[in-house]
Amino acid sequence: MLSIKVWRRVLDLDARTVIEGVGFDEDSEVVMVRVRRRRPMKQRCGRCGVRAPGYDQGAGRRRWRALDAGTVQVWLEADSPRVNCAEHGVVVAQVPWARHDAGHTRAFDDTVAWLVTQASKTATAELLRVAWRTVGSIIARVVADIDGQVDRLAGLRRIGIDEISYKRGHRYLTVVVDHDTGRLVWAAPGRDAATLDGFFERLGHERCAQIRQVSADAADWITRSVASHCPNAEQAADPFHIVKWASEALDEVRRHAWNAARQAHQLPRDRRARQNRQHRAHPIKRARYALWKNPENLTVRQAAQLDWIARTQPELHRAYLLKEGLRFVFKLGGQAGKDALDRWISWARRCRIPAFVVLQRRIVRHRQAIEVALDTGLSQGLIESTNTKIRLLTRLAFGFKNPQALIALAMLALGGYRPDLPGRP
Ligand SMILES: [Zn+2]
């Protein structure tokens, strides 16, 4: 067996831990490392770390999974006595190598927390040989640990509020991002005023009063909750959401065009003729991404699809121009943006495309919040980085059932604080 000194380095154990012995357990085929605290007489509470008198021997010997050594698993084994904490009562004493109530060492936890933001959940679980459920409880523990050390809500001035759907759109999280740091600062299950009220209550009166600007998707419940908690905040419509409304309207027009092209005639019996007909409708279907994308990002092929639409589908093309026109309003910003918005509204009012006439009314209803966005506008860079994060979050949310695990993962990935990989400062 390697010397104790080498094992200390391999396991990243500091001077507070004594290695009593190392052996290979033939039955379970793992390396078992017997350890103890350096000063067993001076115990600390596992929850708060304050010194506390010993209580009893607890459940006796206990094991913690450590990082693998090469291809074999390594476990630590130690006594786990209990102490009587003045505040927390009888609890298991603190150990230097693991978080409270953990079945894995600190180094193992931190590795999981790092990996889970970099790789798929399958890759994380298989590489580290843990169940996905275990990964969930590890990241919850790591995030709780970080939350105990940092104040995510400090210094908030400009925030963005959004809702994220998960579980195939059946469940929602309300999320709050800091526009100045780009960090996700808060998330909770639900999407209603009561949920958001929870955030402002946590923030407290004083800090609520320091919020200057709130961007959101113009949902009424957000508007209401912000108005009642943040007396000094201007509410701005989030340009990203407004442009998204236009993209949705455009998609409606595209679907109409596609259905009309399909149903223009009964499908002919002849197979070849039928294929021809379907072939003719296809470009509309395929042009979906060309219509969605910003023109400056179009591929040559998508530009050609757009060109084809301009020639053969005048209404769809006008809808496309309306969507781009609205995007341009936000690109201009300021007074120029407001002037452009005026022109856009009168254009959309007369466009005779039902989806855009409806959108035009919606825009007029939210005009004030849109003008705030144009006037005091958050820079496009901030909006973009926030929305990139929101999109990433939506991707993370896929496949998650438990909101707490999802929130913990989101906080790790987007909250700005993450443990270092052990041994790599
Ligand atoms: Zn305590």
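In H4, Gly-136, Ile-139, Ala-140, Val-142 and Val-143 meet Gln-404, Ala-405, Ala-408, Leu-409, Met-411 and Leu-412 of H17. Contact here means C-beta atoms, placed from the backbone, within 7 Å. By class, this contact has 9 nonpolar, 2 polar and no charged residues. Ala, Val, Leu, Ile, Met, Phe, Trp, Tyr, Cys and Pro count as nonpolar, Asp, Glu, Lys and Arg as charged, and the others, Gly among them, as polar.

The model is predicted: local features need pLDDT of at least 70, side-chain atom pairs count only at pLDDT 80 or more, and totals for chains, interfaces and linings use all residues. Residues are numbered from 1 along each chain as its sequence is written.

Now the geometry. The axes of H4 (residues 132-149) and H17 (residues 403-414) come within 9 Å and cross at roughly 55°. Axes are lines fitted to C-alpha atoms, for helices over the stretch in contact, and angles run from 0 to 180 degrees between N-to-C directions. H4 and H17 are therefore oblique to each other. Angles under 35 degrees count as roughly parallel, over 145 as roughly antiparallel, 65 to 115 as roughly perpendicular and the rest as oblique. Helices (H or I, at least four residues) and strands (E, at least two) are DSSP runs, numbered from the N terminus.

Next, the sheet. Its 4 strands form an open sheet in the order S1-S2-S5-S4, with mixed pairing. Strands pair if DSSP finds at least two bridges between them. S1 (17-25) and S4 (61-69) stand at the edges with a single partner strand each, so one side of each lacks a neighbour in the sheet. S4 and S5 (residues 72-79) pair in the antiparallel sense over 7 bridges.

Note on methods:
Contact = placed C-beta atoms within 7 Å.
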